[in-house]
Amino acid sequence: MSVTAEALSVKLKSIIRDVPDFPKKGIIFKDITPLLADHAAFTELVQAFAAAYKNAGVTKVLGIEARGFLLAAPIALALGAGLVPVRKKGKLPYKTVAASYALEYGTDTLEMHADAVKPGEKVLVVDDVLATGGTAAAVCELVEKLGGKVAGVAMLIELEFLKGRAKLGDRDIVSLIKY
Ligand code: AMP
């Protein structure tokens, strides 16, 4: 990690709030709302992702419900790309494609509009936290199902001890903060 990347990581870490036992006992929830409320820090994180992918030919940025939306929108504008919401089952109004993934108990399903990514388009997948990687892997599969190419997976926070990277194969992953 470069000196500037390290400095940015230290700064962002100091602003993110740990909330123990939310939404259930044993989970330390990474609350990014103080970061979203800090104009300077929010700007820096958007610029860091935009700099990482400015030459990747990205034409669509996918935000994963719900916090991913908040990061993906400014990153899309900074990259000069379009924004695509990836939502929980049943929320999108038009024709959708869906991918299911395993949770601790049971499964969850994410959907995207069937015309949101065109064949050959380069896509950046964005979310706040990479934990076990199941969510991001399912979204990458959706992109590829539509013929798109995953140019990268941009995660604000990576919980390295959960080994989410392993589920993403050789896809390019940029995380600004690691725990
Ligand atoms: P996973 O599929 O296990 O990688 O989980 C990723 C999704 O769960 C992301 O959409 C995150 O927003 C959320 N998530 C998982 N762990 C945490 C955490 N410790 N704090 C905040 N969000 C989390």
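In the predicted model, Glu144 is partly exposed, with a relative accessible area of 36%. Its side chain forms a salt bridge with Arg171, in which the closest N and O atoms are 2.8 Å apart. Because Glu144 belongs to helix α5 (residues 134-145) and Arg171 to the loop between β8 (149-158) and β9 (173-178), the pair ties together parts that are 27 residues apart in sequence. Arg171 also counts as partly exposed, at 21% relative accessibility.

The salt bridges come to nine in total. One of them joins the side chains of Asp31 and Arg17, with an N to O distance of 2.8 Å. This pair links distant parts of the chain, 14 residues apart: Asp31 is in strand β2 (residues 28-31) and Arg17 in strand β1 (residues 17-20). Asp31 is buried, at 11% relative accessible area, whereas Arg17 is partly exposed, at 44%.

A further salt bridge is formed by Arg87 and Glu65, whose closest N and O atoms are 3.1 Å apart. Here Arg87 in strand β4 (residues 82-88) is linked to Glu65 in the loop between β3 and α4 (67-79), 22 residues away. The relative accessible area of Arg87 is 23%, which makes this residue partly exposed; Glu65, at 18%, is buried.

Lys60 is located in strand β3 (residues 60-64) and is buried, with a relative accessible area of 17%. The Lys60 side chain reaches the backbone oxygen of Ala116 at 3.2 Å. Apart from neighbours within four places in sequence, the residues in contact with Lys60 are Ala81, Gly82, Val84, Ala116, Glu121, Lys122, Val123 and Leu124.

Methods. Residues are numbered from 1 along each chain as its sequence is written. This is a predicted model: local features need pLDDT of at least 70, side-chain atom pairs count only at pLDDT 80 or more; totals for chains, interfaces and linings use all residues. Side-chain values use heavy atoms; hydrogens and water are left out. Helices (H or I, at least four residues) and strands (E, at least two) are DSSP runs, numbered from the N terminus. Buried means under 20% relative accessible area, exposed over 50%, partly exposed in between (1.4 Å probe, protein chains only). A polar contact is a pair of N or O atoms within 3.5 Å; within protein, one must be able to donate a hydrogen and the other to accept it, and residues adjacent in sequence count only if both atoms are side-chain atoms. Contact means heavy atoms within 4.5 Å. A salt bridge is a side-chain nitrogen of Lys or Arg within 4 Å of a carboxyl oxygen of Asp or Glu.
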